[in-house]
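Trainee: I would like to learn how to read the inside of a protein and its strands. Could you take me through it slowly?

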Amino acid sequence: MKRSFYILILLMAAAFTLSSCSLETDTVSGDGNMEGMWHLESIEYLATDDNGSDVIDDFSGERVFWSFQHDLLKLKDYDGGRKEMFCRFDIADGKLTLHDFYINSRDHDNITTDMSILEPYGITSLTQTFSYNIDGSHLTLKDGTKTMRFKRF
């Protein structure tokens with residue numbers, strides 16, 4: 001009887017342990033391929049400069065990452081030049097929509113409407129929509145004014 005009781009307790013503990021991990025392992029709703037960490041490689045603008053050359057911001061030597069998990073996106077510059085941000089996102093019909101941007105703060109995340117904080121990440125609207133394509137380890141985001149290229153990390 002005593003042994004059955006211990007086995008029951010052990011099984012219950014295992015069940016609770018396994019069920020508590022579901023949020024951490026949930027994939028991105030809409031497209032599980034988006035899940036994970038992506039290194040921003042470049043932003044190519046459709047406009048040209050005064051010389052008629054394409055405008056391309058090269059981020060390949062910088063450590064700027066977009067990390068997707070479930071319905072939360074973390075924007076982080078590991079070199080420290082940009083503020084760490086969080087935002088919510090939705091994926092539907094080949095479109096990625098970013099919204100509700102927060103500045104990461106240890107005690108309280110603050111929602112922001114300051115576009116100057118978001119622009120260094122290539123975000124130009126408080127509700128930004130991109131069409132996206134994932135080809136193996138490469139992610140491409142397009143919004144009509146620019147193309148952003150990422151590589152899975």
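Mentor: Let us begin with a term: a nonpolar core is a set of buried Ala, Val, Leu, Ile, Met, Phe, Trp, Tyr and Cys residues joined through side-chain atoms within 4.5 Å. Buried means under 20% relative accessible area, exposed over 50%, and partly exposed in between, with a 1.4 Å probe and protein chains only. This is a predicted model, in which local features need pLDDT of at least 70 and side-chain atom pairs count only at pLDDT 80 or more, while totals for chains, interfaces and linings use all residues. Residues are numbered from 1 along each chain as its sequence is written, and side-chain values use heavy atoms, with hydrogens and water left out.

Trainee: Which residues touch the most other members of the largest nonpolar core?

Mentor: They are Trp66, Phe68, Leu96, Leu98 and Leu141, in a core of 28 residues. The element that gives the most to this core is β5, with 4 residues. In the protein chain as a whole, 30% of the 153 residues count as buried.

Trainee: How many helices and strands does the protein chain have?

Mentor: Helices (H or I, at least four residues) and strands (E, at least two) are DSSP runs, numbered from the N terminus. Here the protein chain has 3 helices and 10 strands, and from the N terminus on the order of the elements is α-α-β-β-β-β-β-β-β-α-β-β-β.

Trainee: Which strands pair with β4, and over how many bridges?

Mentor: Two strands pair if DSSP finds at least two bridges between them. Strand β3 (residues 64-69) runs antiparallel to β4 and is joined to it by 6 bridges, with Phe65 standing opposite Lys76. These two strands form a hairpin with 2 residues between them, and His70 in the turn has a positive phi of about 55°. Strand β5 (residues 85-92) also pairs with β4 in the antiparallel sense, over 4 bridges, and there Leu75 stands opposite Met85.

Trainee: Why does Ser67 count as buried?

Mentor: Ser67, which is found in strand β3, counts as buried because its relative accessibility is 17%. Contact means heavy atoms within 4.5 Å, and, leaving aside residues up to four places away in sequence, Ser67 touches Gly36, Met37, Leu72, Leu73 and Lys74.
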